[in-house]
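Let's take a walk through this one together. Have the sequence and the model open side by side, and follow along.

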Amino acid sequence: MKRKLIIAASLWIALTAAFTVRIQAQEKAWRAGIVTDEFIYEKAPYPQCHSATIAETPKGLVAAYFGGTRERNPDVCIYVSRNINGKWQEPVNVANGIQNDSLRYPTWNPVLYQVPGGELLLFYKIGPKPSDWKGWLMRSKDAGATWSKPESLPEGFSGPIKNKPVLVGNELFCPSSTEGKGWNVHFEVTADNGKTWRKVGPIGKDSGINAIQPSLLKYKKGKILQVLCRSMNRSVVESHSTDGGKTWTDLTPIGLPNNNSGTDAVTLRDGRQLIVYNHVKPADSLPRGKGARTPLNVAISKDGKKWYAALILEDSPISQYSYPSVIQSADGMVHFVYTWRREKIKYVKVDPSKLKLKRIKNEKWPGFITKTTAASNEEE
């Protein structure tokens, strides 16, 4: 009996060691192209943070996020960090939700946008919850060093909900959505950088899909656009426009899983499309299609249909690598910021020419066993 136990223990140790070696080898394989991997800050005047955004200004990168006791707490404010000479500066509190001496709401989901040759815009929301918040806008003429007084967006407008605006022709398309009476995706469009507004949508209302937080992608041929959205339907979903954003197709799955958590995407200068998201397929039994917010993955496509695995930014059974934001800078580098365990904001710079791609089929990340799978795939 004792001999059998020894053999069993030895076999378990060998299997565990083999699994660990395989995980380490796979991790290295899916890290090709990473140039910088660091926290934006080490210490901050708040215990939790979330929903980062990033923009390139003429004076360097700028990131923003919300921080406070916890999400929905009235003390949650918008913070900004600037990257000066390759080093991230300490977070600066630039906006809060104080209404009067006796009422204060949390702030939510900042979104940065650098107007070409102009101001740096900071959109954000104030309100008790996503179904009852209001959009605000601040402007900076010095790359985020100082900010204007907050401007209230028109009634019924929230600005970009999570992901960056995209210039389509001479109009700025802000990908937006609502959560009050069902989940719906729409666009808020401005031709004068936020002074006047119009709406497009909601789109795909008859598709039977619950989606929010779209990202807008552009194609070289004509006026073809694509949005990728978070959904309750266990998949990233899309819609297309062939007329420059005037009309849109129904929402449909694109062949990438979604855990009912935020994604972001960007059109690269070489015409390829890049998405950053949690490659997690929640169990049918999980409510609202929610799953673990780990691992955090990057995929690339030439046509928005066939997707190729490119990077794994994070993979740990400790959940909450989420709400990513991505841009490509003038030097061709790709920059990511995202929530790291709700404790910090992570920054990663990637050289897209160094990525090694493998086709994603049947919503399966190719040849990879995640640490999450080995532990638990349930949301915290």
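Which residue in E10 is the bridge partner of Thr 107? Look across and you'll land on Ile 126. Keep in mind as you go that this is a predicted model. That pair belongs to the pairing of E9 with strand E10 (residues 120-126), which is antiparallel and runs over six bridges.

E9 and E10 sit in an open sheet of four strands, ordered E9-E10-E11-E12 with antiparallel pairing. At the edges you'll find strand E9 (107-114) and strand E12 (151-152), each of which pairs on one side only.

Next comes a hairpin. Strand E18 (residues 225-231) and E19 pair in the antiparallel sense over five bridges, and three residues sit between the two strands. Check the turn for Arg 234, which has a positive phi of about 70 degrees. Strand E19 (residues 235-241) is mostly covered, with six of its seven residues buried.

E19 has a partner in E20 as well: three bridges join it, antiparallel, to strand E20 (residues 252-257). Val 237 is the E19 bridge partner of Cys 229, and in E20 the bridge partner of Val 237 is Pro 253.

Finally, have a look at the largest nonpolar core, which has 19 residues. Leu 274, Val 298, Leu 313 and Phe 336 are the members that touch the most others. Two or more residues each come from strand E22 (273-277), strand E23 (296-301), strand E24 (308-314), strand E25 (321-328), strand E26 (334-340) and strand E27 (344-350). E26 gives the most, with four residues.

Not counting residues up to four places away in sequence, Leu 274 touches a set of residues including Val 266, Leu 268, Val 298, Ile 300, Val 326, Val 334 and Phe 336. Apart from this core lies another one, of 17 residues, and among them are Val 200, Leu 216, Trp 248 and Leu 251.

Methods:
Residues are numbered from 1 along each chain as its sequence is written. This is a predicted model: local features need pLDDT of at least 70, side-chain atom pairs count only at pLDDT 80 or more; totals for chains, interfaces and linings use all residues. Side-chain values use heavy atoms; hydrogens and water are left out. Two strands pair if DSSP finds at least two bridges between them. Buried means under 20% relative accessible area, exposed over 50%, partly exposed in between (1.4 Å probe, protein chains only). A nonpolar core is a set of buried Ala, Val, Leu, Ile, Met, Phe, Trp, Tyr and Cys residues joined through side-chain atoms within 4.5 Å. Contact means heavy atoms within 4.5 Å.
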